[in-house]
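Let's take a walk through this fold together, starting with a pair of helices and then moving on to the sheet. Please keep the structure open beside the text as you read.

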Amino acid sequence: MRVLLTGAAGFIGSHLAERLLARGHEVVGLDAFDPFYDPALKERNVARMLGRPGFTLARGDILDSALVAQLARPSAPVDVCCHLAALAGVRPSVADPLRYHRVNVDGTLVLLEACRAAGVPRFVFASSSSVYGVRSHAPFREDDACDRPASPYGATKRAGEHFVHAYHHVYGLDATCLRFFTVYGPRQRPEMAIAKFARLIEAGAPVPLFGDLTSARDYTWIDDIVEGAARAVERPAGGFAVYNLGDARTTTLAELVRLLERALGKRAVVEPRAPQIGDVPLTCADIAAARRDLGYEPRVAIEEGIERYVRWVREAAA
């Protein structure tokens, strides 16, 4: 299978590229190496794949319609486009919603149009638990109404889902949307909570904690997410499908800090802060549909995952 994978140098994308290559697929990676965080980290992510049989890397933007059309061209047929590239993060999207719309919504449309024109039969779209907005009940189900996003980022991901469905409905595109729930692990983006907290606790620096520490997230280990995504790439939806990919349990902010303290062997210097705009109090995935259709089964609980992550951080720093 030949897979066009956007965001191939990123946290999830580089892990997924490696998994697909290991399963015998050909991967055409596209990444803009956006400076949202240090591009050198992304260079390291893909360095191990460069020159490897079955992997090619295109450096460029998903908004570059000519480049995208070239990658999806019929003369080198793509079996499935797996679209992970996006501007990520709730809080930065509040500061720059127009750029988030251009990249996350317009970029998705550029890819959909290229796939339509080239006859690419399948499309897998990386969405987010952010589409659910503010909810007090759990777990979140794929058929819950997602009409009140709490951030521009969440709104762009929901808009992406709508456009993917429209191309399924109008053009018969076989399409799958994957709603990722707070992914963590090796190569995690440095501004994400677990990476940031671990770095600050290790250094003995103050850890800014927003809100009253009762906010809860469904933290999902990277290998579990990648296995679910790889299965979605390999299995046609047979139409249009949406799946939650999470761990199906929650961890409060206070519990997360305690787990990091235990794994690091250090106490956190906590710095309380007011809640931030765009944050939600709860995320929790109902994964029954992914279990049924994809054979998805998360295997790494947060307690083990935090221990693994801290080991990786220390080994990488050695």
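Helix axes here are lines fitted to C-alpha atoms over the stretch in contact, and angles run from 0 to 180 degrees between N-to-C directions. Helices (H or I, at least four residues) and strands (E, at least two) are DSSP runs, numbered from the N terminus. What you see is a predicted model, in which local features need pLDDT of at least 70 and side-chain atom pairs count only at pLDDT 80 or more, while totals for chains, interfaces and linings use all residues. Residues are numbered from 1 along each chain as its sequence is written, and side-chain values use heavy atoms, with hydrogens and water left out.

Begin with helix H9 (residues 253–264) and helix H11 (residues 302–317), which pack at an angle of about 50° with their axes 9 Å apart. H9 and H11 are therefore oblique to each other, a term for angles that are not under 35 degrees (roughly parallel), over 145 (roughly antiparallel) or 65 to 115 (roughly perpendicular). In contact (heavy atoms within 4.5 Å), Leu256, Leu259, Leu260, Arg262, Ala263 and Leu264 of H9 meet Ile302, Glu303, Ile306, Glu307, Val310 and Arg314 of H11. By class, this contact of H9 with H11 holds eight nonpolar, no polar and four charged residues.

Now turn to the sheet. Seven strands make up an open sheet with parallel pairing, in the order E3-E2-E1-E4-E5-E6-E11; two strands pair if DSSP finds at least two bridges between them. Strand E3 (55–59) and strand E11 (240–245) are at the edges with a single partner strand each, so one side of each has no neighbour in the sheet. On average, neighbouring strands of this sheet are turned by 20° against each other, direction ignored.

Which way do the side chains of E4 point? Val80 and Cys82 point one way and Cys81 and His83 the other, and all are buried, meaning under 20% relative accessible area with a 1.4 Å probe and protein chains only.

Finally, helix H8 (residues 222–234) lies across strand E1 (2–6), strand E4 (80–83), strand E5 (122–128), strand E6 (174–180) and E11, running at about 155° to E5.

Technical notes:
Ala, Val, Leu, Ile, Met, Phe, Trp, Tyr, Cys and Pro count as nonpolar, Asp, Glu, Lys and Arg as charged, and the others, Gly among them, as polar. Buried means under 20% relative accessible area, exposed over 50%, partly exposed in between (1.4 Å probe, protein chains only).
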